[in-house]
Amino acid sequence: QVQLVESGGGLVQPGGSLRLSCAASGFTFSEYAMNWYRQAPGKERELVASISADGRNNYSYSVKGRFAISRDNAKNTVYLQMNSLKPEDTAVYYCSGRHRRGGYAYWGQGTQVTVSS
């Protein structure tokens, strides 16, 4: 049973912060690159941040300097710290994982983030 479960979403005012978590099970987490995607209404799914199996991070230009991805292999969990949130960050955020050698990707069901005053 492979499972990715996102949590931590909610309603926040512009300029606020949230930390998303993704708990993984059913595969060798430490061998997988982990990613955060988001999808807003009427838009395609967008890659936000990624972290490789050995801890190398990268980010989309739209969130660089505001968001930070991290992982805790002992807890089989990947995080997305989101600061200085903007209304355009409103979306469903999805966690995914892909083995470092490539191939099939696993996906969670998503968590809603709404940034509004």
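Which residue in strand 8 is the bridge partner of Arg-71? Select Arg-71 in this predicted model and look across to strand 8: the partner is Val-78.

Now widen the selection to the two strands involved. Strand 7 and strand 8 (residues 77–82) run antiparallel to each other and pair over 6 bridges. They belong to an open, antiparallel sheet of 4 strands, ordered 1-3-8-7. At its edges you will find strand 1 (3–7) and strand 7 (67–72), each pairing on one side only. Neighbouring strands here are turned by 15° against each other on average, ignoring direction.

Go back to Val-78 and show its contacts. Leaving out residues up to four places away in sequence, Val-78 touches a set that includes Leu-20, Met-34, Trp-36, Ile-51, Ile-69 and Cys-95.

Next, colour the largest nonpolar core, which has 27 residues. Val-78 is among the members that touch the most others, along with Met-34, Trp-36, Phe-67, Leu-80, Met-82 and Tyr-93. Strands supplying at least two residues each include strand 4 (32–39), strand 5 (46–51) and strand 9 (91–99). The largest share, 4 residues, comes from strand 3.

For the rings, select Phe-27, Phe-29, Tyr-32, Tyr-104 and Tyr-106, a cluster linked by ring pairs. Zoom in on Phe-27 and Phe-29, both buried. Their rings form a tilted pair, 6.5 Å centre to centre with 45° between the planes.

Last stop: Arg-45. This residue lies over the face of Tyr-94, at 3.9 Å from the ring centre. Arg-45 also lies over the face of Trp-107, at 4.6 Å from that ring's centre.

Technical notes
Residues numbered from 1 in each chain as written. Predicted model: local features only at pLDDT ≥ 70, side-chain atom pairs only at ≥ 80, totals over all residues. Heavy atoms only, no water. Pairing = 2+ DSSP bridges. Axes fitted to C-alpha atoms, helices over the stretch in contact; angles between N-to-C directions. Core = buried A, V, L, I, M, F, W, Y, C linked by side-chain atoms within 4.5 Å. Buried < 20%, exposed > 50% of the residue type's maximum accessible area, 1.4 Å probe, protein only. Contact = heavy atoms within 4.5 Å. Phe/Tyr/Trp six-rings, centres within 6.5 Å; stacked < 30°, edge-to-face > 60°. Lys NZ or Arg CZ within 6 Å of the ring centre and 35° of its normal.
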